[in-house]
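Please look over the sequence and the structure shown here before reading on. The report is written for a reader who meets this structure for the first time.

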Amino acid sequence: GQQVMQIPQYQHVQEGEDFTTYCNSSTTLSNIQWYKQRPGGHPVFLIQLVKSGEVKKQKRLTFQFGEAKKNSSLHITATQTTDVGTYFCAGANFGNEKLTFGTGTRLTIIP
Amino acid sequence: DGGITQSPKYLFRKEGQNVTLSCEQNLNHDAMYWYRQDPGQGLRLIYYSQIVNDFQKGDIAEGYSVSREKKESFPLTVTSAQKNPTAFYLCASSIGTGVAYEQYFGPGTRLTVT
């Protein structure tokens, strides 16, 4: 079955440093979504990428979808304490009506 | 306020008992989903429903059952056949069916079975 892996599993950064999480699929994806889950909370949708090589930005967050549509990344510039949480990617194969969530990357910020 | 509600937030049960988790949405969404979240394993799909009176198994449906008698409601029953039921359960909905739509999550129910 489809597998979506994320690395790293944990990341501790000093406030102000950059952060990147990577998402890799064993198969070509039709689209990929990113979610953020604050500690004790529930996942909240951030963005969806559909096109090969697509890059989207939301303030300090930059999302990329690989040319082969098998990988994606989320980069946060100059992290702030509000960025704390677990970031999940979720992808789907063509023709599949289910999303497969990655294992997540938990980001902690050292003030 | 529109959204998804799950109740209760915390639930404790004895082993061997069935338990039903509630999920209600007033977003008028067609699709609804149940996920299980365990530490370090992300979200795993249990069941999903694209329309009233129809639902499909997800990746880990064994030991669970669902119903979709109303568009706004999608309760999940954790049966005594589920080997390891202690987990955080998340309900979600999306405006349309298929993977192109963002999913809106409820606050979750943390189930502990002893």
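What follows is a description of a predicted model, arranged by topic.

## Where the two chains meet

The contact between the chains draws on 20 residues from chain A and 21 residues from chain B. Together, chain A and chain B bury about 1700 Å² between them, and 54% of this area lies on carbon and sulfur atoms. On the side of chain A, the residues that lose the most area to chain B are A:Glu97, A:Lys98 and A:Phe101, which together account for 33% of what that side buries.

One salt bridge is found across the interface of chain A and chain B, and it is formed by the side chains of B:Asp59 and A:Lys98, at 3.3 Å from N to O. The interface of chain A and chain B also holds five residue pairs in polar contact, with both residues of each pair at pLDDT 80 or more. Three strands of chain A, namely β4 (31–37), β5 (43–49) and β9 (85–92), each supply at least two residues of the side that touches chain B. Of the elements of chain A, β4(A) gives the most to that side, with four residues. Sorted by class, the side of chain A that touches chain B has seven nonpolar, eleven polar and two charged residues.

Strand β9(A), by contrast, runs antiparallel to β11(A), with three bridges between the two strands; here the bridge partner of A:Gly85 is A:Leu107.

## A buried serine in a loop

A:Ser30 lies in the loop between β3 (19–25) and β4 of chain A. Because its relative accessibility is 13%, which is under 20%, A:Ser30 counts as buried. The side chain of A:Ser30 is joined to that of A:Asn31 by a polar contact of 2.8 Å.

Leaving aside residues up to four places away in sequence, A:Ser30 touches A:Val50, A:Phe65, A:Lys69, A:Ala92, A:Asn93 and A:Phe94, and also B:Val99 of the other chain.

## Salt bridges within each chain

Side chains of opposite charge can pair when their charged atoms come close. Over all chains, the count comes to six salt bridges. One of the pairs in chain A is A:Lys56 with A:Glu54, whose closest N and O atoms are 3.7 Å apart. A:Lys56 is partly exposed, with a relative accessible area of 31%, whereas A:Glu54, at 16% relative accessibility, counts as buried.

In chain B, the residues B:Arg36, B:Asp38 and B:Arg44 are linked in a network of salt bridges. The side chains of B:Arg36 and B:Asp38 meet at 2.7 Å from N to O, and both of these residues are buried. B:Asp38 also forms a salt bridge with B:Arg44, where the closest N and O atoms are 2.9 Å apart. Within this second pair, B:Asp38 counts as buried at 11% relative accessibility, while B:Arg44 counts as partly exposed at 28%.

A cis peptide bond joins A:Ile7 and A:Pro8, with omega about -5°, and A:Pro8 lies in the loop between β1 (4–7) and β2 of chain A. In chain B, the peptide bond from B:Ser7 to B:Pro8 is cis, with omega near -10°, and B:Pro8 is found in the loop between β1 (4–7) and β2 (10–13) of chain B.

Positive phi values are also found in residues other than glycine. For A:Lys59, phi is about 55°; this residue is in the loop between β6 (55–58) and β7 (61–65) of chain A, and at 85% relative accessibility A:Lys59 counts as exposed. For B:Asn53, phi is near 65°; its place is in the loop between β5 (43–51) and β6 (54–57) of chain B, and B:Asn53 counts as exposed at 61% relative accessibility.

Note on methods:
Residues are numbered from 1 along each chain as its sequence is written. Chains are lettered from A and ligands numbered from 1 in the order in which they are written. This is a predicted model: local features need pLDDT of at least 70, side-chain atom pairs count only at pLDDT 80 or more; totals for chains, interfaces and linings use all residues. Side-chain values use heavy atoms; hydrogens and water are left out. Contact means heavy atoms within 4.5 Å. Buried area is the accessible area (1.4 Å probe) that two parts lose on being put together, summed over both. A salt bridge is a side-chain nitrogen of Lys or Arg within 4 Å of a carboxyl oxygen of Asp or Glu. A polar contact is a pair of N or O atoms within 3.5 Å; within protein, one must be able to donate a hydrogen and the other to accept it, and residues adjacent in sequence count only if both atoms are side-chain atoms. Ala, Val, Leu, Ile, Met, Phe, Trp, Tyr, Cys and Pro count as nonpolar, Asp, Glu, Lys and Arg as charged, and the others, Gly among them, as polar. Two strands pair if DSSP finds at least two bridges between them. Buried means under 20% relative accessible area, exposed over 50%, partly exposed in between (1.4 Å probe, protein chains only).
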